[in-house]
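Colleague: I would like to go through this one with you and ask how each label was reached. Could you put it up first?

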Amino acid sequence: MLKQEVFAELSKEIDAKLQIVEKEIFKLAGRDFNMNSPKQLAEILFVDLNIPTGNIKKNKTGFSTASTELEKLRADYPIVAMIEEYRELFKLKTTYVDVLPGMVAKDGRLHTRYDQAVAATGRLSSNDPNLQNIPIRTELGHRMRAGFVAAPGKKLVGADYSQIELRIAAHLSGDETMIEAFRNNEDIHRTTASVVHGVKPEEVTDEMRREAKVLNFGIIYGMGAFGLAQAAKIDQKHASEFIKGYLKKFAGVAKYMEAMKQEVREKGYVETEMGRRRALPEIESGNVALVRAAERMAINMPIQGLAADIVKLAMLGSRELLKRYEGKAVLLLQIHDELIFEVDETKAEEFGQELKKVMEGAYTLKVPLLVSTDIGDTWGEI
DNA sequence: TCTGTCACG
DNA sequence: ACGTACGTGACAGAC
């Protein structure tokens with residue numbers, strides 16, 4: 001259910017902030033313009049204000065004003081930081097804060113729709129409204145989630161798989177180092193940094209761990225040195241050596257990647273361990289960029305797809321659990337690696353413990369599946 | 001309807 | 001020389 005007061009409060013606050021930021025931007029720009037138009041914004045930045053475009057990417061229209069590009073300018077140009085703030089506020093307002101309250105149904109609840117046959121990897125997708133992309137990464141995001149509440153007398157019980165895709169990567173690749181790390185319940189990003197740099201885990205710096213985290217997520221999608229350099233904000237040479245070192249130490253992962261590329265070349269498709277297939281006909285296109293893209297999808301799909309399969313199994317398992325709670329617990333949301341239930345407040349604690357067991361036992365990998373659960377009155381608390 | 005952008009996992 | 005990490009849905013602007 002939505003707490004209308006939370007949304008009304010946020011709306012008011014965002015409006016006020018937007019007004020101030022907008023005025024400030026117009027002043028710095030020297031004239032009024034529509035800052036929701038990337039075209040007009042680019043003209044202001046790169047023509048009127050003559051901001052150098054040396055390392056700014058181009059798109060079909062001209063110079064990009066995407067946040068990854070603006071980030072490069074933030075330190076030198078105050079107007080850029082203001083534009084970033086404007087964008088964040090505007091996005092939250094127009095996509096969520098001003099829209100969701102009007103979508104509440106007669107029963108007082110917000111209902112989404114799930115598509116089960118849209119995503120190529122086997123994931124669900126959510127629409128009208130999409131409740132799989134409600135903000136969380138910013139402070140305003142957290143405050144918005146506090147506006148999603150359990151019905152009176154109920155609690156929200158959330159349960160999410162910890163590092164499910166990396167655990168699946170360990171499982172599918174059979175990489176001994178990665179498997180050991182998960183079996184010992186290590187901090188996987190710290191372990192990666194430790195292994196690649198050849199230092200003890202306790203000697204891993206925050207910087208090393210941060211880079212390793214980006215690499216762990218990127219590597220299984222076929223990220224190159226260029227991508228890692230951008231994402232981790234390191235130079236390309238360093239990124240290239242980091243990847244080389246990683247693939248040498250995590251030889252099982254390198255082997256998995258090669259195996260998927262070969263499989264898609266031979267068969268024209270890849271599949272998850274449970275048999276879900278994704279056809280990748282572009283592999284035969286002869287167009288280098290399309291072939292490379294198909295290879296990356298071939299590496300990623302068996303991982304992301306098995307995660308989707310496992311969560312679906314967990315949903316089936318939870319159905320059995322729900323039967324036992326006969327109307328005292330219902331499933332509200334699935335968010336890829338996470339399930340959120342609404343449960344009688346008297347049963348929430350017990351339900352959470354049983355749910356954790358069901359989800360962790362939904363499928364057996366070479367490494368344990370780990371689920372963490374949370375209970376709260378609002379989505380913001382879990 | 002397409003493009004650019006940005007919210008999430 | 002080129003493009004550059006996977007999967008989605010929604011919004012505003014431009015045409």
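Modeller: Gladly. Axes here are lines fitted to C-alpha atoms, for helices over the stretch in contact, and angles run from 0 to 180 degrees between N-to-C directions. Bear in mind that this is a predicted model.

Colleague: What is the angle between helix α6 and helix α7, and how far apart are their axes?

Modeller: Helix α6 covers residues 164–173 and helix α7 covers residues 176–183. They pack at an angle of about 135°, and their axes are 8 Å apart.

Colleague: Why are α6 and α7 called oblique to each other?

Modeller: Angles over 145 degrees count as roughly antiparallel and those from 65 to 115 as roughly perpendicular, while oblique is used for the rest once those under 35 are set aside as roughly parallel. The angle is about 135°, and α6 and α7 are therefore oblique. Their crossing is left-handed.

Colleague: Which residues make α6 and α7 meet?

Modeller: From α6 come R167, A169, A170 and S173, and from α7 come M178, I179 and F182. By class, that contact holds 5 nonpolar residues, 1 polar and 1 charged.

Colleague: And how do α13 and helix α14 pack?

Modeller: α13 and α14, the latter spanning residues 348–360, pack at about 145° with axes 9 Å apart. The crossing is right-handed. A314, G317, S318 and L321 of α13 touch E354, L355, V358 and M359 of α14. The residues of this contact divide into 5 nonpolar, 2 polar and 1 charged.

Colleague: How do you know whether N185 is buried or exposed?

Modeller: The cut-off for exposed is 12 or fewer. N185 has 11 C-beta neighbours inside 10 Å, so N185 counts as exposed. N185 lies in the loop between α7 and α8, and its phi is near 55°, a positive value in a residue other than glycine.

Colleague: Let us turn to the DNA. What makes a residue count as near a strand?

Modeller: Its C-beta atom has to lie within 6 Å of the strand. Around DNA strand C there are 36 residues, and S37, S125, G218, F226 and G227 come nearest. Among the elements that give two or more residues are α2, α4, β2 and α9. α13 gives the most, with 6 residues. The surface near DNA strand C divides into 14 nonpolar, 18 polar and 4 charged residues.

Colleague: How many residues surround DNA strand B, and which are the closest?

Modeller: DNA strand B is surrounded by 21 residues, with N59, K60, N133, R137 and H336 the closest. α4 gives the most to this surface, with 3 residues. By class, the residues near DNA strand B are 5 nonpolar, 9 polar and 7 charged.

Methods: Residues numbered from 1 in each chain as written. Chains lettered and ligands numbered in written order. Predicted model: local features only at pLDDT ≥ 70, side-chain atom pairs only at ≥ 80, totals over all residues. Helix = DSSP H or I, 4+ residues; strand = E, 2+ residues; numbered from the N terminus. Nonpolar A, V, L, I, M, F, W, Y, C, P; charged D, E, K, R; others polar. Left-handed = near helix turned anticlockwise from the far one by under 90°. Contact = placed C-beta atoms within 7 Å. Buried ≥ 20, exposed ≤ 12 C-beta atoms within 10 Å, placed from the backbone.
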